[in-house]
Amino acid sequence: MIFAINEINKNPHMLSNVKLGYKIYDNCGTMDILRAALTLLSGLNRELGEDSCTETVQAILGHSGSSPTIAFAQVVGRFHIPVISHFATCACLSNRKEYPTFFRTIPSDYYQSRALAKLVKHFGWSWVGALAVDNEYGFSGIAAFIQAAKEYGVCIEYSEAFSSSDPPNRLQRIIEIIKQSTSKVIMAFMSHREIKLLATELYKHNITGLQWIGSDAWITDHSLTDSEGHKILVGSLGFTSPKAKISGLEKYLKQLYPSQFPDSQFVREFWEEVFDCSLNRTVNTQKQPCSGHESLQNIESQFTDVSELRFTDNVYKSVYAVAHALDMLIKCDNNQLSFSNGSCTDPKNINPWQVLQYLNTVNFTTKEGERVYFNKNGDTPARYELVNLQFTIRGTMEGRTIGIFDASLPERNQFIMNNIRVVWGSGLTEVPVSVCSEMCLPGTHKVLQKGKPVCCYDCIPCPEGEISNVTDSIHCAKCPPEYWSNKQRDACIPKEVEFLAYDEILGLVLVLFSLLGVFLTMVTTLVFYCHRETPVVRANNSELSFLLLFSLTLCFLCSLTFIGRPTKLSCMLRHTAFGITFVLCISCVLGKTIVVLMAFRATLPGTNVMKWFGPLQQRLSVLVFTFIQVLICILWLTINPPFPFRNLLLYKDIIILECDTGTAVGFCAVLGYIGLLAISCFAIAFLSRKLPDNFNEAKFITFSMLIFCAVWITFIPAYISSPGKFTVAVEIFAILASSFGLLFCIFMPKCYIILFRPEQNTKKHIMGKTSNYDIQY
C-alpha cells in the first residue's frame with residue numbers, strides 16, 4: 001500500500017498538487033478493527049503531520065478477512081465512508097442495502113463457489129462432502145457452493161462447520177463423519193487455521209485417499225507447510241486470484257530499513273529474524289546487535305519474493321481505485337457535478353460520500369494491462385487461476401496453475417484446463433472416483449433410491465421395447481412401432497417379420513400334404529378315366545365325378561396360395577380362389593346327391609322326375625351355384641378387397657405379416673355360402689342314406705359332408721384363437737382336411753371296387769334285385 005501511494009504521489013498526471021496520506025492499523029483481531037474504525041470516525045488519535053491535510057478519512061482499505069470486514073463495514077457505511085477490501089470474499093458483502101459503501105478488488109465468493117462447483121462437475125465428482133468455517137464467510141460460501149452444485153447435478157453427502165476456537169470434540173465428530181462417508185472429495189470453505197487443524201487430525205488418524213477442494217482463503221497459503229499433517233493436503237485443487245506483476249515493487253522492498261518504520265512491530269521482528277540479530281539489546285542480549293543498515297538485496301525471503309503476487313496485487317489496485325476516484329473528483333470528470341453549487345469540489349474540503357460517488361464510476365487499466373472497475377454491488381470482475389498444491393524441490397508446497405476461470409466469458413468458455421499434469425490427493429495416483437452410485441451403462445436407466453439424494457440410484461434394465469443409448473439415462477425411450485430393442489437394450493432393431501414361409505418346417509409339411517392331395521386326386525382321376533366305361537364310374541353321372549375331381553385338385557392347389565409372403569395379389573387370390581373352388585366342389589357333390597335321390601325316386605310307378613334333373617340341369621346347377629360365389633367374390637374385391645397387413649399388436653417383438661380380409665362381411669358371406677351348400681348337401685344325402693341298393697353313394701356323401709361340416713365348425717374357434725402365422729396354418733389345415741375327406745369318402749370306395757373287387761363292378765351288382773331301372777349314366 002505504501003509503495004502504491006508513493007508511486008501515485010510521484011506521478012505528475014494524477015492528483016496534481018495533492019498528496020495522499022495514510023494511517024496503518026497493524027493490530028489483528030475483530031475488536032481491534034472495530035476500535036480502529038471508530039477511532040477513524042470520531043477523529044480521535046489524529047496523527048496528521050501537515051495542517052493542509054483534510055480532517056476526514058476518505059477511504060478505508062481492508063480488512064483481509066470477511067468476518068472483521070462484516071463487523072465494521074456496516075458501522076462505517078452509515079457515515080458514507082468507502083471501504084475497499086483486497087481479501088474479504090464473503091458473498092454477503094455484495095448486499096448493497098447492508099453494506100452500501102463496500103467495494104473489493106477480489107471477486108465475491110459467489111463466483112468462486114460456482115467455479116468450484118463447475119470444477120467438481122468437470123472431473124465427474126457427483127458425491128462430495130462439504131466443510132466450512134463456522135462464520136459468515138464459511139456459511140455464505142458453502143451455501144453458494146451447494147446451490148451451484150445442485151444446478152450441476154452434484155450431491156452433498158454431508159455439510160459440517162467448525163471453528164479453530166471450538167472444543168476438540170466437535171472436530172472429532174467431523175473426523176468420524178469423514179471416516180464413515182463414501183465420498184472421496186471434500187470441499188473445504190475455511191481459512192488456513194481450520195484447514196491446518198483438520199489436516200493434523202486426519203494425519204493422526206491415518207486417513208488418506210481424499211481429494212481436497214479448497215477456497216482461496218487457504219489454497220495458496222504458505223504457512224500450510226508448518227502444520228504436522230500438511231502432506232494430507234498435497235494434490236488439493238482450488239481457485240485463487242491470478243498471478244500479477246507489479247513493476248518496481250521488488251526493488252522497493254529490498255531498499256527498506258527499520259528506521260523508515262520505527263513504530264512497526266512487524267518490521268522489527270522481520271529484520272531480527274532475517275539477519276539473526278537484535279535491534280534492541282535490552283530485550284535480547286544473546287543475539288548480536290543489528291545496525292539497522294543491513295541490506296536485503298541478496299536476501300531470499302517470502303516477504304521480498306514478488307514472483308507470485310496474487311492478493312498483493314489486489315491491495316495495489318485498491319489504492320489506485322481510490323486515487324482515480326479522487327483524481328476524477330478534483331478534475332470534475334464524468335460530469336458528476338451533483339454538488340450543491342454545481343461547481344467542482346475544493347481539494348481541502350473533500351467528503352467521503354463524494355469519493356464514494358466517484359468510486360462507483362471508476363474504470364481504469366493498470367500498467368500491466370488489467371482492467372479495474374466495480375459493478376453495481378461493488379464487486380470486481382471474477383477471474384481466477386486453478387491451482388494444484390504440489391511439493392517443490394525445497395520441500396514446501398506451492399500452487400501450480402493448471403487452469404483458469406473467467407466469469408465474464410460465455411458459460412461454456414468460462415473454465416479452461418491447461419495441458420499440465422495434475423497431482424492428486426494423498427494416496428491417489430489417478431483421478432479419484434467420487435459417486436454415490438456407479439454410472440448406469442447404456443441399456444439401463446436410473447431409478448432413485450428412496451430417501452436418498454438424486455445422485456444415489458439403482459441401474460435398472462430398460463423394459464422390452466425400450467432403450468437407452470447414453471450413460472446415466474434417466475428414462476428409457478420407446479422404440480418406433482416397427483422396431484424392437486436388442487438384448488442389450490441399447491439400440492432399436494427392426495422387428496422380425498413373421499409369416500408362413502415355404503422354407504420352414506410347418507410350411508413345408510403343409511406343402512407336402514397339398515401336393516400329396518393333388519397327386520392322389522390325379523391318381524384317382526387316372527383310375528376313373530381308365531375305367532370310365534365301367535358301371536361304378538358311369539353310375540351317378542361320371543361327368544360330375546370328373547368335375548369334382550378337378551375341383552378337388554383346385555382345392556388342394558389353392559392352399560398353396562396361403563403360404564409365402566403376403567402380397568396384394570396373393571391376398572385377393574387366396575380368399576377368392578378358396579371360396580370359388582370349394583363352392584365348385586360342393587356344387588358337384590350336391591349335384592351327385594340330388595342325382596342319387598332323383599334316381600331312386602324315379603323307380604316309383606308313374607314318376608318321371610329324372611327328366612327334370614338330367615345332365616344338362618346338373619351342369620346348370622353347378623354353374624349357377626358357382627356363379628353366385630363368383631358374384632359374391634367380385635363384390636367383395638370391388639368394395640373392400642383383402643390386403644397385406646403388418647400386425648404390430650399380436651406380438652411385441654414380432655411383426656405378423658398377414659392378409660386382412662378388408663371387410664368381415666365379404667369373408668363371412670363367402671364362408672356362409674359354402675356352409676349353406678354343405679348343409680344342404682348333407683341334408684339331402686342324409687335323406688337318401690337308406691335307399692335300397694348294393695352301392696348307395698349317398699351314404700359316402702353323407703359321411704364326407706359330416707367330416708366337412710365338422711372340420712369347418714371346429715375351424716372357427718381354432719382360427720380365432722390361433723396366433724400369427726398359425727392362423728394361416730389352421731385355415732390351410734381346414735382346406736386340406738375337408739378336401740381329403742371328400743376325396744377319401746367319395747372316391748376311395750369306388751377305386752377299391754375298381755382295382756380290387758372287379759367282380760362287383762357290374763350293373764347287376766349295383767342294381768341288385770330291388771330295381772330293374774337303369775340309372776342315368
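Modeller: Gln390 has Glu398 in S12 as its bridge partner. Leu389, in turn, stands opposite Gly399 of S12. These contacts belong to the antiparallel pairing of S11 with strand S12 (residues 397-406), which extends over nine bridges. Two strands count as paired if DSSP finds at least two bridges between them; strands are DSSP runs of E with at least two residues, helices are runs of H or I with at least four, and both are numbered from the N terminus. The model is predicted, so local features are given only where pLDDT is at least 70 and side-chain atom pairs only at pLDDT 80 or more, while totals for chains, interfaces and linings use all residues. Residues are numbered from 1 along each chain as its sequence is written, and side-chain values use heavy atoms, with hydrogens and water left out.

The hairpin of S11 and S12 has five residues between the strands, and Gly395 takes a positive phi near 90 degrees there. S11 also pairs with strand S8 (residues 237-240), again in the antiparallel sense, over four bridges; Phe239 has Leu386 of S11 as its bridge partner. Strand S11 (residues 383-391) is mostly covered, as seven of its nine residues are buried, where buried denotes under 20% relative accessible area, exposed over 50%, and partly exposed the range in between (1.4 Å probe, protein chains only).

S8, S11 and S12 are part of an open sheet of eight strands with mixed pairing, in the order S5-S4-S6-S7-S8-S11-S12-S13. At its edges lie strand S5 (155-162) and S13, each of which pairs on one side only. On average, neighbouring strands of this sheet are turned by 30 degrees against each other, direction ignored. Helix H4 (residues 109-122) packs on the sheet and touches strand S4 (127-133), strand S6 (185-189), strand S7 (211-214), S8, S11, S12 and S13; the direction of H4 makes about 150 degrees with that of S8. Contact here requires heavy atoms within 4.5 Å. The axes are lines fitted to C-alpha atoms, for helices over the stretch in contact, and the angles run from 0 to 180 degrees between N-to-C directions. A further helix, H7 (residues 192-204), lies across S4, S5, S6 and S7, running at about 175 degrees to S7.

A second open sheet has three strands in the order S20-S22-S21, also with mixed pairing. Its edge strands are strand S20 (496-498) and strand S21 (643-647), each pairing on one side only. Three bridges join S20 to strand S22 (residues 654-660), and these two strands run parallel. Within that pair, Glu498 stands opposite Ile656 of S22.

As to the cysteines, the structure holds eight disulfides, a disulfide being a pair of cysteine sulfur atoms within 2.5 Å. One of them joins Cys440 and Cys459, with the sulfur atoms 2.0 Å apart. The torsion about this S-S bond is about -95 degrees, so the disulfide is left-handed. Cys440 lies in the loop between strand S13 (415-417) and strand S14 (444-448), and Cys459 lies in strand S15 (residues 457-461), so the pair ties together parts that are 19 residues apart in sequence. Cys440 counts as buried at 0% relative accessibility, whereas Cys459, at 33%, counts as partly exposed.

Cys462 and Cys476 form another disulfide, with an S to S distance of 2.0 Å; at -80 degrees about the S-S bond, this link is left-handed. Cys462 lies in the loop between S15 and strand S16 (466-467) and Cys476 in the loop between S16 and strand S17 (477-478), so parts 14 residues apart in sequence are tied together. Both Cys462 and Cys476 are buried.

Cys479 and Cys492 are likewise joined, S to S 2.0 Å, and their torsion of about -90 degrees makes the disulfide left-handed. Cys479 lies in the loop between S17 and strand S18 (483-485) and Cys492 in strand S19 (residues 492-494), so this pair ties together parts that are 13 residues apart in sequence. Cys479 is buried, with a relative accessible area of 12%, while Cys492 is partly exposed at 26%.

The sulfur of Cys558 is 5.5 Å from the closest cysteine sulfur, that of Cys555, which is too far for a bond. Cys558 counts as buried at 4% relative accessibility.
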